[in-house]
Amino acid sequence: MPGIAEPAPLPWWHRAAVYQVYPRSFRDLNADGTGDLRGVIHELPYIAALAVDALWLSPFYSSPQNDSGYDVVDPRSVDPIYGTLEDAQELIDQAHFRGLRVLVDVVPNHSSIDRPWFQEALAAGPGSPERAHYHFLDGRGPLGDEPPNNWVSMFGGSAWTRITEPDGSPGQWYLHLFDATQPDLNWSNPHVHLDALDTLRFWLDKGADGFRVDVALGLAKDMDYPDIDDPEGLVLALRMDLDDGSAEAGARRRRVANSPILDRDEVQDIYREWRAVLDSYPGDRMAVAEAWVPPERAARYVASDTLHQIFNFDFMAVGWDADRIRTVVQQTLDGLRDVGAPPTWALSNHDTPRVVTRLGGGDVGRRRARAMALVAHCLPGSVYVYQGEELGLEDADIPDEARRDPVWFRTKGAQRGRDGGRVPLPWAGALPPYGFHDATEAEVQPSLWLPPPPDWASFTVEAQLRDASSTLGQYRAMHRLRHAHPGFVDLHNVTWPDAEPGVFIVRRGCGFACVVNCTDREITSPIEGYVMTASDASVRLERNVVTLPPDTGAWIQA
Ligand code: NOJ
């Protein structure tokens, strides 16, 4: 009707399914044992057939790979192990051709020690402008041989490392919240701001649709460098495996808020600059913050003048507990309601145990993970899927001598680290390397950067592709149904029908509900109707009555 304007369509990221590609482990087209960008290009048809909306690429920039690429030398380059800048451009273009958006990772909190800036800082000496790109301080004690304060690294040990000055004398200390090869950049320095804006523009000019912002809560530091009460407690606050939903865990989590190193209020000033750059480009460019902050702090990262999304680690940490799942979902929606930002949901990423492992491992863990995937995919907002989750993979056992994660080395084995969830994807065949590369038996077989287990034959893409009841089949069905039902996007259409203890039920817009049975007995769903998709073939539908065995779930159209 003339005069009545249609509401503007929401930007794509309000309801996207985003597939996380960890390039090291996705597909190895040059058969050197490490994945590469041409491998991602080669498998774009697979990603497109998953019916996701976008992909997020973990770092592929030049790097000595001490933290698998999160130690960046030049953020506007491609490391030769992954390919070339031309490959990156082709990947973005081809993804767009297939209707997929592309997010790239930015790592603004720190660089590699091999970045020229850091090498120049070492050479230039105390008090120089070069040192001011990082946090260099004199040590404490009469000889300056004690760290400047008690801050600790998220990877274990002190957050400070002492250098030798150019004249050979014991020198200043530099800050690193992660590995000693990852010095923290000094965000009180305007050069650091300008350089990051150049990086954003570089990738936006290449057509990137947005960014995943690494350590988004950590960039600003208290420049008085005060000691922290219980610094280890702050590290424990970010340990997902310790978040049991208890009041104690909640109190520990709240210590992150506006602390000397994390979630400082002034970090949002940085994102206001970034937002202005993103908004100056055509199309719906966006950024998602990697920031595990207490629910009441999340909205700050996604206000209309800061970033667009924030990862929801509270949801990722949730166990197999219907009541807790509902509490976290409700808290998430409440926390973001005032700013109107879409929530995000994810079950795992390259830093966490795989969801199958986290929920019990083996067949039970897999059944639960598939049911949890129904929850993550039915809620308003965007869902992030970590590569291999759609295959139902669990963490692999990595022999100690094959481990690569700096967490393993810095904690001297006290924490096993993240390698188990980063093993190369199985594509085809009955034995390792399961088609990760195509070297024939006659050719030299590269050893993979992490060894896949011997028993993954039934989890390969090839083994699941034609089986609609497989985990892969379920993920494809969920993504297709999200596209078919616009009601997924409606933030307000979330209601909680009565449910018996141990049963999770959420009713969504457009007349459907997600029901998940977290009990150890079979239940009859109080919601009747047609089963749109289920997490397991054992879910039964008879005359509109849905029966759910333990550890299963279904989307029911009523
Ligand atoms: C978070 C990344 O996801 C993780 O893999 C990395 O080790 C740290 N940030 C440091 O960059």
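**View 1. Elements lining the largest cavity.** At least two residues of the lining of the largest cavity come from β3, and at least two from α5 (190–205) (DSSP runs, helices H or I of at least four residues and strands E of at least two, numbered from the N terminus). The model is predicted: local features need pLDDT of at least 70 and side-chain atom pairs pLDDT 80 or more, whereas totals for chains, interfaces and linings use all residues. Residues are numbered from 1 along each chain as its sequence is written, and side-chain values use heavy atoms, with hydrogens and water left out. Helix α5 provides the largest share of this lining, with five residues.

View 2. Of its 18 lining residues, P75, V107, P108, D195 and T199 lie nearest the centre. The lining comprises 12 nonpolar, three polar and three charged residues (Ala, Val, Leu, Ile, Met, Phe, Trp, Tyr, Cys and Pro are nonpolar; Asp, Glu, Lys and Arg charged; the others, Gly among them, polar). In the whole structure, the search finds five cavities of 30 Å³ or more.

**View 3. The second largest cavity.** About 160 Å³ of space lies in the second largest cavity. Its lining consists of 16 residues, and P295, A298, N312, D314 and T332 are those nearest its centre. Helices α9 (313–317) and α10 (322–337) each contribute at least two lining residues, and the largest share, five residues, belongs to α10. By class, 11 residues of this lining are nonpolar, four are polar and one is charged.

View 4. Eight strands in the order β9-β8-β7-β3-β2-β1-β11-β10 form an open sheet with parallel pairing (at least two DSSP bridges between two strands). Strands β9 (309–310) and β10 (344–346) are at the edges; each has a single partner strand, so one side of each has no neighbour in the sheet.

**View 5. The β7–β8 pair and helix α8.** Four bridges join β7 (residues 210–213) and β8 (residues 286–289) in the parallel sense. R212 has V288 as its bridge partner in β8. Helix α8 (residues 267–279) packs on the sheet and touches β3 (101–106), β7 and β8 (heavy atoms within 4.5 Å). The direction of α8 makes about 160 degrees with that of β7 (lines fitted to C-alpha atoms, for helices over the stretch in contact; angles run from 0 to 180 degrees between N-to-C directions).

Note on methods:
On a 1 Å grid over the protein atoms alone, a cavity is a set of points where a 1.4 Å probe fits but cannot get out, and a pocket is an open set with protein on both sides within 12 Å along at least five of seven lines; lining residues have an atom within 4 Å of a point. Grid points are joined across faces, edges and corners, and a volume is the space filled by probe spheres set on the points.
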